2 protein chains.
Amino acid sequence: MTERETGGRRGVVPQGAGLPGLTPLLYAATARLDAHFAASAAATGLTSAQANAVYELAEPAGMRELGRRMCCEPPNVTFVVDRLEERGLVRRAPLPGDRRAKQVLLTEEGHAVRAALLERLAVEPPLRGLSDADRRTLRTLLARALDADGGPAEAAYAVTSDARQPE
Amino acid sequence: MTERETGGRRGVVPQGAGLPGLTPLLYAATARLDAHFAASAAATGLTSAQANAVYELAEPAGMRELGRRMCCEPPNVTFVVDRLEERGLVRRAPLPGDRRAKQVLLTEEGHAVRAALLERLAVEPPLRGLSDADRRTLRTLLARALDADGGPAEAAYAVTSDARQPE
DNA sequence: CTGTAATCATTCGGGCTCGCACGATAGGGT
DNA sequence: ACCCTATCGTGCGAGCCCGAATGATTACAG
């Protein structure tokens, strides 16, 4: 499977901007998350982007809504869903109420692949070297850094409570 | 300049993997860093990748070495340097000792653009909402999480001491 | 009921990133 | 000298990602 390692990921390793050493550590941490996700995706025969879509399709969604869940723009959703549809993991159904919209939903095989993905995601998850107390501290610090600075904490990266347990 | 907002960035917003809420916060934090860098790049007429190259070219480097600094693979360096060379910000000189290698160095205009970039990077840097103590704690926690888990701290994202002050 | 504005998905063009496969050169061993 | 291997940069193909523009449809105003 050649471990495709994420496709078009982070293109930037910016400056310190007055934070000696902090920036690289943050990038290293997210790189770990990306690597784990990409490896899990590859293990189930998907690219990261495709896995992201499959992961978010527990419930069906329109293209727009799926884009929101995946944190990317509509044209990209069209692209990824095209690939998944070719593979038969997903299909586009017309939405009864609205003839513009299309509803994307997993096929039977898609659900199977999603289950395999979730299973693989659960093994050896990254950032296990932290105690619960450390995790809490880390969360607090990151939240503080974010909303003291730009917007109200995240906004862009939908934290939406903690509704992101491994399911 | 349309605020190109980074080009081919993060394509993945992975799972919680047992860390309720931590993962999204990490992604949100690096998203801030990316946004700040991309905005600074755009302000100086560059894309993020191009700015990354210019930033790393304080000292000349071969393509390979530049790739290491930019944290990307050689074909990508070729691509980015091509664009920069077309713009006249960079030139490829033959390396005296080795006829395979090429040395990439900033032109005069390249140095000017780099100076402008550094200047722009210094205004309103992200993650300012943290005290020095918080910063230290955050650094400690991230380092611990990283080397308890995968490799020896970073390795991939070259922290190389703290030699990354705004210069 | 008709015209205008908003929304949906897509297409198009362009930039970023990688793996693989070259051709060219360098270096080590024989 | 000679070959065998490693390294350097690059071309190619493919995938990811976005902003702008487009055609279809819906929603709203008058």
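The legends below describe close-up views of a predicted model. Residues are numbered from 1 along each chain as its sequence is written, and chains are lettered from A in the order in which they are written. Because the model is predicted, local features need pLDDT of at least 70 and side-chain atom pairs count only at pLDDT 80 or more, while totals for chains use all residues, and side-chain values rest on heavy atoms, without hydrogens and water.

**View 1. Overall make-up of chain A.** Six helices and three strands make up the secondary structure of chain A, where helices (H or I, at least four residues) and strands (E, at least two) are DSSP runs numbered from the N terminus. Read from the N terminus on, these elements follow the order α-α-β-α-α-β-β-α-α. Of the 167 residues in chain A, 49% are buried, a term that stands for under 20% relative accessible area with a 1.4 Å probe, protein chains only.

**View 2. The two domains of chain A.** Chain A is divided into domain 1 (22-125) and domain 2 (130-156), with bounds that come from an automatic or database domain assignment. The C-alpha centres of these two domains of chain A lie 26 Å apart.

**View 3. Strand pairing in chain A.** Strand β2 (residues 90-95) of chain A is joined to β3(A) by six bridges in an antiparallel arrangement, and these two strands form a hairpin with two residues between them; two strands count as paired if DSSP finds at least two bridges between them. Within this pairing, A:Arg92 has A:Val104 of β3(A) as its bridge partner. Strand β1 (residues 61-62) of chain A also pairs with β3 (residues 98-106) of chain A in the antiparallel sense, over two bridges, and here A:Gly62 is partnered by A:Gln103.

**View 4. The open sheet of chain B and its helix.** In chain B, three strands form an open, antiparallel sheet in the order β1-β3-β2. The strands β1 (61-62) and β2 (90-95) of chain B stand at the edges, each with a single partner strand, so one side of each has no neighbour in the sheet. Helix α4 (residues 74-86) of chain B packs on this sheet and touches β2 and β3 of chain B, contact being heavy atoms within 4.5 Å. The direction of α4(B) makes about 115° with that of β2(B), as given by axes fitted to C-alpha atoms, for helices over the stretch in contact, with angles from 0 to 180 degrees between N-to-C directions.

**View 5. A charge over a ring in each chain.** The charged end of A:Arg114 sits over the ring of A:Tyr55, 5.6 Å from its centre, and the charged end of B:Arg114 sits over the ring of B:Tyr55, 5.6 Å from its centre. This requires NZ of Lys or CZ of Arg within 6 Å of the ring centre and within 35 degrees of the ring normal.

How values were computed
Buried means under 20% relative accessible area, exposed over 50%, partly exposed in between (1.4 Å probe, protein chains only).
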